[in-house]
Amino acid sequence: MSKLLEIEGVCSGYGDVKVLHDINLYVEEGEILSVVGANGAGKTTLMRTISGQLPTTAGEIRFMGEAVNHLPAYKIAERGIIQVPEGRRLFPYMTVHENLLIGSTMKHVRASREKNLQYIYQLLPRLKERERQVASTLSGGEQQMLAIGRALMENPRILMLDEPSLGLSPLLVSTVFELVQTIAKAGTTVLLVEQNVKQALKISSRAYVLENGVVAMNGPSSELIDNPYVKKAFLGL
Amino acid sequence: MSLMPSIINGASMGAIYRLIAMGLTLIFGTMRVTNFAHGAMLMLSMITAYSVWAATGINPYLLIVIIGPLMFFVGYATQLFLIRPVLKAESDKNDPIGVLLLTAGFSIVLENLALMIFGADYRMAQTDFSNTVFTFGRTSLSAPRLYGLIITLVVSALLWAFLQCTEPGRQLRATGQDRNTAALMGINSEQTFAVAFGISTALLAVAGLVLLPFYYVTPSVGNVFQTRAFIVVVLGGLGSVPGALVGGIIIGLIETVAAQFMTASVTSVLIYLVFLIVLFVKPSGLFGTPFH
């Protein structure tokens, strides 16, 4: 398998506040990779740095072998690095349908708009039912589905999900994780950032544990799930 | 005494205020920038239009196809070369005031340039239909005001259709609602801002041309309209396009209908009074979403 996304020695943060220190990480084509860690470990900062919303202060981010860390956010999205941001961030005054349309506003994905719409409405029939409803009136679970659907409209080469299970009921959490697995099976590479460590480790092939802005450990998820430290710190065992 | 003519006149003036206000709203709604040079830009398009009309004698309404695109590029370039660098330099500030000062300063520059080149005289484009009056039974209507009403209504409808139904319109609304997330959709917000600015000034070109046959042109003409446009925008709710629609009509109607019963200076007082009452009852404006 080849490395789709490589992060090498990356430092980043907000102004003078450094959050990430010397992060090394890679995502292989076709896998589900999870990045787990506690609140404030730097998971969202990592997401925002990859998608160009925060500048790197050191290191390099390569996508398919090309450095992308100096591109503006919209150009990174054009490459197919697609983020589902924490807290869904839907366009609140637009309808479900319009939110999906804006997902395929980039010129190179407009051709597959109809095909993607059909696929998403079939995958998430609730969105079809609520098609004409304004996004802000959806329930939390429906909003998360829409945020994921909107990202799929962008034809992602790599789909980065930032805390998709945040604020959802246990039943919906497992629905979201099943959805992520379905998307990955259909051939999309997934980078999953989660606080729900147990579920994230269950569905991913490999994982990185972030702590205070550094990679504390990494390895196959099946090994990490049995690691005594992970068990104690994150799984409450 | 029939109120009909003044209601039509009010609707016509209201429609023009509304068109000007929609440009202001478009810029605020997408960029969160208050453009204090909006009135000066209106003056610029009126003076340009007047000069072209005086030189060629072409019907002002036909000039829309020339002055409209021209003002679009003026706005587009203003955003790209003047506003953008300042916005960028202040992107990490919580309350950016540089852009406000920039637009206010720009309006002073434009006004004084106009004074230097055009002179302080009041001029009016005396077209062959400027004094035409249509009579329907006992009511009579001024032709340029009626034409103005129709043209502004058509342009407002076109703007609405553009925002709702086209790809760039949708990008513009998305950028206004959440520019960071819009970037995640692959939308270049700087280009979107420039388009918003361009459309806003193109709307001013239409407003200016519609005013030309019955309103005087002078370097300070923008001030009146800018103040009215700000009232319309805030009355209707900042950033709300339907708000600007209703706000414009209310102000236009108050202005002309009240003028039948009192002197013009009192009508201005009345406008501000209604404005204050609305803000008192609903501080976010008639159609605005409450502030967080």
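Reply: Two strands are said to pair if DSSP finds at least two bridges between them. Please keep in mind that this is a predicted model. With that term in hand, in strand E2 of chain A the bridge partner of A:Lys3 is A:Glu28.

Me: OK, and how many bridges join E1(A) to E2(A), and which way do they run?
Reply: Eight bridges join E1(A), residues 3-14, to E2(A), where E2(A) covers residues 17-28 and the two strands run antiparallel. They form a hairpin with two residues between them, and A:Gly15, which sits in the turn, has a positive phi of about 60°.

Me: Which residue of E4(A) is the bridge partner of A:Cys11?
Reply: That partner is A:Ala58, and the pairing of E1(A) with E4(A), residues 56-63, consists of six bridges between strands that run antiparallel.

Me: Is E1(A) mostly covered or mostly open?
Reply: E1(A) is mostly covered, since nine of its 12 residues are buried.

Me: Switching to the six-stranded sheet in chain A, what is the strand order?
Reply: The order is E6-E7-E8-E3-E9-E10, in an open sheet with mixed pairing. The edge strands, each pairing on one side only, are E6(A) at residues 81-84 and E10(A) at residues 214-220, and the twist from one strand to the next averages 15°.

Me: What about E3(A) and E9(A), parallel or antiparallel?
Reply: They run parallel, with five bridges joining E3(A), residues 32-37, to E9(A), residues 206-211. Within E9(A), A:Tyr208 is the residue that stands opposite A:Val35.

Me: Which strands does helix H8(A) lie across?
Reply: Helix H8(A), residues 170-185, lies across E3(A), E7(A) and E8(A), and it runs at about 160° to E8(A).

Me: On to chain B, then: how do H6(B) and H8(B) pack?
Reply: H6(B), residues 167-177, and H8(B), residues 189-211, pack at an angle of about 110° with their axes 10 Å apart, and the two helices are therefore roughly perpendicular to each other. From H6(B) the contact is made by B:Gln171, B:Leu172 and B:Thr175, while the residues from H8(B) include B:Phe193, B:Val195 and B:Ile199. By class, that contact has five nonpolar, four polar and no charged residues.

Me: What's the handedness of the crossing of H2(B) and H3(B)?
Reply: That crossing is right-handed, and the axes of H2(B), residues 38-56, and H3(B), residues 64-89, come within 11 Å and cross at roughly 145°. Among the residues that meet there are B:Met41, B:Leu44 and B:Val52 in H2(B) and B:Ile67, B:Leu70 and B:Val74 in H3(B). The residues of this contact divide into eight nonpolar, three polar and no charged.

Notes. Residues numbered from 1 in each chain as written. Chains lettered and ligands numbered in written order. Predicted model: local features only at pLDDT ≥ 70, side-chain atom pairs only at ≥ 80, totals over all residues. Heavy atoms only, no water. Axes fitted to C-alpha atoms, helices over the stretch in contact; angles between N-to-C directions. Helix = DSSP H or I, 4+ residues; strand = E, 2+ residues; numbered from the N terminus. Parallel < 35°, antiparallel > 145°, perpendicular 65-115°, else oblique. Contact = heavy atoms within 4.5 Å. Nonpolar A, V, L, I, M, F, W, Y, C, P; charged D, E, K, R; others polar. Buried < 20%, exposed > 50% of the residue type's maximum accessible area, 1.4 Å probe, protein only. Left-handed = near helix turned anticlockwise from the far one by under 90°.
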